[in-house]
Amino acid sequence: MASLVYKRVSTDQQSADRQNLVLAEAGIEDPVVFEEDPGTSSRLHPLERPKFGELLNYARPGDTVHISEMFRLVRGTQHILDVLDVLHHGRLALRIHDGAFSAMDLTARHPRTGELLSTVKFMVQTLAAAGELQRDLQRELTYDGLRAAEAKGNKGGRRPAITAEKIDAVRTAYLEGRSIAALAREHSVSRGAVRAAVADLMPEHTTVDHDYGPAPELPVTLDMPGKVADFLRTTELDDDERVALGQGVTVRRGQGYTLRVTAAPTVHCGLLARCQPLDGTQDAPAIPAQRKARREYENRVNALAATAGP
């Protein structure tokens, strides 16, 4: 009988160290490990994940699936019930080594009907709801922490790519006519980082080669992850940023949504700069899903910046 170990992290910034420790302490003999690529979202149904699919294809009746904690495999109640049904039909056991589910036999079935015991269903639904409540409370506490830090004058977010010692030189060079691309090469940063450093200067000081005044920026449509949009709605914005956000078109995607925002590139850069606190602050650690959403938006804005200017 084989021992099949499944591991997953939600973002490429996380590691599986904690899972490795829990599974190592479990003393699993000759484990066959299936680990998802970093950044495999928990929103993706377990039965649609590549490595879990490989695990099920590899498994034989009597094998045991080992995970460090239930939420590495599933997200909500329906995911749990779907996975348990598949494991039951494949005659596979499930062993959870940490968390609230570790003391339960989730594969227990009624001896005559073969269905999950009603007590198991009840506990699964209750614990899944408790997990959802915990995530919601953490999200609320993070927002409260960000607002408290802002009230104290603390600016959250990760350190800017352009340090405080260099930012004055970058802004001065931009005003003197240096291009975004040239400054990015000189300081070994992305064009998006330079644009964020000079965002408030760009509308008034766009460099042009003729005497007809600055050329107007054409609006560009970008998809903003819903978690980013939710945060920005709680943040103080400039008028043009608020208008762009308010006119965004909501596109439903599964349980979440994307906000399709049409605005000038400088507005997108400004909105990106304002959502940096989603990377976490000293008083409010980042929520992985929010940090991942912010970086998705950053990649889209940087891709836009890379196609603009020399």
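Which residue forms a salt bridge with arginine 18, the closest N and O atoms being 3.2 Å apart?

**Entry 1: ground rules.** I am working with a predicted model, where local features need pLDDT of at least 70, side-chain atom pairs count only at pLDDT 80 or more, and totals for chains, interfaces and linings use all residues. Residues are numbered from 1 along each chain as its sequence is written, and side-chain values use heavy atoms, with hydrogens and water left out.

**Entry 2: arginine 18.** I looked up the partner, and it is glutamate 69. A salt bridge here is a side-chain nitrogen of Lys or Arg within 4 Å of a carboxyl oxygen of Asp or Glu. Side chains of opposite charge can pair when their charged atoms come close. Arginine 18 sits in helix H1 (residues 17–25), while glutamate 69 is in the loop between strand S3 (64–67) and helix H3 (77–89).

I then found a salt bridge from arginine 18 to aspartate 98, at 2.7 Å from N to O. Aspartate 98 lies in the loop between strand S4 (93–96) and helix H4 (118–151), so this pair ties together parts 80 residues apart in sequence.

**Entry 3: buried or exposed?** I used these cut-offs: buried is under 20% relative accessible area, exposed is over 50%, and partly exposed is in between (1.4 Å probe, protein chains only). Arginine 18 counts as partly exposed because its relative accessibility is 42%. Aspartate 98 is also partly exposed, at 27%. Arginine 72 and glutamate 69 are both buried. Their side chains meet in a salt bridge of 3.3 Å, N to O. Shared partners join Arg18, Glu69, Arg72 and Asp98 into one network. I noted 13 salt bridges in the structure.

**Entry 4: the core.** A nonpolar core is a set of buried Ala, Val, Leu, Ile, Met, Phe, Trp, Tyr and Cys residues joined through side-chain atoms within 4.5 Å. The largest one has 23 residues. Met224, Leu271 and Tyr297 are among those touching the most other members. Another core, of 20 residues, lies apart from it and includes Ile67 and Phe101.

**Entry 5: threonine 258.** I found threonine 258 in strand S7. It counts as buried because its relative accessible area is 8%. Contact means heavy atoms within 4.5 Å. Leaving aside neighbours within four places in sequence, threonine 258 has contacts including Asp223, Met224 and Val249.

Definitions and conventions:
Helix = DSSP H or I, 4+ residues; strand = E, 2+ residues; numbered from the N terminus.
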